Amino acid sequence: MAQTTTATRPTGFRSAELGWPELHRIPHPPRRLPLLGDVLGVNRATPLQDSLRFARQLGPIYRRKAFNREFVFTWGADLVADLADESRFAKHVGLGVANLRPVAGDGLFTAYNHEPNWQLAHDVLAPGFSREAMAAYHPMMLAVAGRLTDHWDREQAAGRSVDVPGDMTKLTLETIARTGFGHDFGSFERDRPHPFVTAMVGTLTYAQRLNSVPFPALLRRAAQRNADDIAYLNRMVDDLVRARRGTSGDGDLLDRMLETAHPETGERLSPENVRRQVITFLVAGHETTSGALSFALHYLSRHPEVAARARAEVDRVWGDAAAPGYDQVAKLRYVRRVLDESLRLWPTAPAFAREAVEDTVLAGRHPMRRGAWTLVLTPMLQRDPEVWGADAERFDPDRFDPKAVRSRPAHVFKPFGTGARACIGRQFALHEATLVLGLLLRRYELRADPGYRLSVTERLTLMPEGLRLHLERRTTAATATAGEEPAPVPDSRCPVHGAGD
């Protein structure tokens with residue numbers, strides 16, 4: 001059942017010189033310093049954005065050294081397509097992801113490939129993201145979205161702008177808590193973020209900081225705060241699980257974790273692993289989706305012609321229905337293109353790592369030993385001008401028109417990772433985000449602050465910083481115009497993974 005190999009691959013950090021026999025052929029920044037490495041001109045708070053800058057200078061594969069650790073970064077389309085070969089490469093748990101193991105352990109996101117609980121949990125929980133399960137979550141998603149619009153109505157009536165990242169975080173946390181675990185954090189009734197959010201942001205930020213210091217002892221006080229954050233997350237989840245045991249739930253994710261045995265082996269998740277999976281879903285199930293929604297709302301406010309076209313589609317497809325049905329959300333194909341284009345430019349999980357499961361040669365050019373790994377820079381892959389055109393930095397949802405999708409090679413759009421370890425909840429996130437964008441477009445005109453310039457904050461995930469929007473309530477739902485394009489026939493090719501996935 002578990003993903004294993006005849007000899008378990010090593011875990012923990014492995015510097016690039018241990019796995020790349022011809023590392024000298026891979027370029028690095030020009031001003032490398034003895035002992036310190038490639039640290040000139042970098043900002044500890046923006047490691048991803050620094051990596052994108054180096055990528056533009058050095059090309060589709062390059063290396064960086066920080067103190068005594070060397071990393072190989074890739075983003076060229078042919079390289080990433082080769083790394084997607086599951087027979088030769090697998091997920092590598094490294095960098096900030098491994099730093100989350102003290103809190104998430106062998107949860108779905110942070111488990112090593114050889115750990116048996118990954119396959120057990122995946123097989124037990126996968127039915128929780130089936131079409132039938134998703135349809136059951138839909139009314140709860142609508143209810144939480146109603147709390148958001150009630151809050152935005154009050155802010156709009158008072159003449160105040162809205163805090164987009166803060167409110168999207170509240171929305172997505174409440175959605176995964178309600179649908180997955182029958183819990184209500186009361187986020188919209190609070191003036192400050194729920195302590196769970198504060199602790200979660202603390203652990204993510206600490207995990208990222210660990211990558212930028214030569215000696216963890218330098219973060220002694222931060223380490224104590226991180227330990228306190230982890231202890232809080234564990235207590236909160238333990239209380240949530242304790243309250244559920246012995247009661248009858250609604251067949252949600254927590255019920256599956258507690259009651260469902262593996263269909264073939266009869267194994268069940270241990271209490272410790274249940275805790276780790278709950279934390280994984282609460283964190284991963286809301287942090288990245290809130291960022292995706294925030295970036296999409298930023299682009300909609302900056303491109304009124306795109307917002308008008310998306311709004312016309314919502315009015316046409318949903319009509320006068322008081323609330324959209326589950327199947328009506330999937331018909332918002334242009335709104336989904338807006339979401340996909342936002343994820344292309346700013347994938348909120350901005351990188352994933354792949355390691356060689358055998359000695360191999362990457363794309364026929366770069367030898368790799370078994371266990372060697374590389375970090376794929378998703379934002380650069382998805383801005384590669386050879387794939388996306390000379391205007392790849394421009395926001396254009398029509399890049400996801402079905403004809404355009406079919407014209408591109410597979411494996412060039414990877415906001416949810418790749419292969420067997422790709423995000424299990426991607427359909428949940430896409431349905432939730434498309435629903436929310438449709439509801440907000442139907443209800444409001446979005447007005448950007450003319451003085452705002454997009455600033456991206458990094459805490460392993462990406463989020464617009466300081467994004468506020470002004471709202472205008474629409475008096476009536478607009479109707480479709482005669483010249484509006486008809487909804488296209490759904491494409492059979494998945495834009496995330498390629499043909500047939």
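Predicted model: local features only at pLDDT ≥ 70, side-chain atom pairs only at ≥ 80, totals over all residues.
Student: What makes β4 and β9 the edge strands?
Tutor: Each of them, β4 (162-163) and β9 (444-448), pairs on one side only. They belong to an open sheet of three strands in the order β4-β12-β9, with antiparallel pairing.

Student: How do you know that β9 and β12 count as paired?
Tutor: Pairing takes at least two bridges. β9 and β12 (residues 468-473) have five bridges, in the antiparallel sense, so they pass. Along the way, Glu445 stands opposite Glu472 in β12.

Student: What packs on that sheet?
Tutor: Helix α18 (residues 426-443) does, touching β9 and β12, and its direction makes about 90° with that of β9.

Student: How do you know that the length of α18 fits its residue count?
Tutor: At 1.5 Å a residue, its 18 residues should span 26 Å. The end C-alpha atoms of α18 are 26 Å apart, so the two agree.

Student: Why is α18 called mostly covered?
Tutor: Because buried means under 20% relative accessible area, and 15 of the 18 residues in α18 are buried.

Student: Why is Ala363 called partly exposed?
Tutor: Its relative accessible area is 24%. Partly exposed sits between under 20% for buried and over 50% for exposed, so Ala363 belongs there. Ala363 is in the loop between β6 (360-362) and β7 (366-368), and its phi is near 50°, a positive value in a residue other than glycine.

Note on methods. Residues numbered from 1 in each chain as written. Heavy atoms only, no water. Helix = DSSP H or I, 4+ residues; strand = E, 2+ residues; numbered from the N terminus. Contact = heavy atoms within 4.5 Å. Axes fitted to C-alpha atoms, helices over the stretch in contact; angles between N-to-C directions. Expected span 1.5 Å × (residues − 1). Buried < 20%, exposed > 50% of the residue type's maximum accessible area, 1.4 Å probe, protein only.
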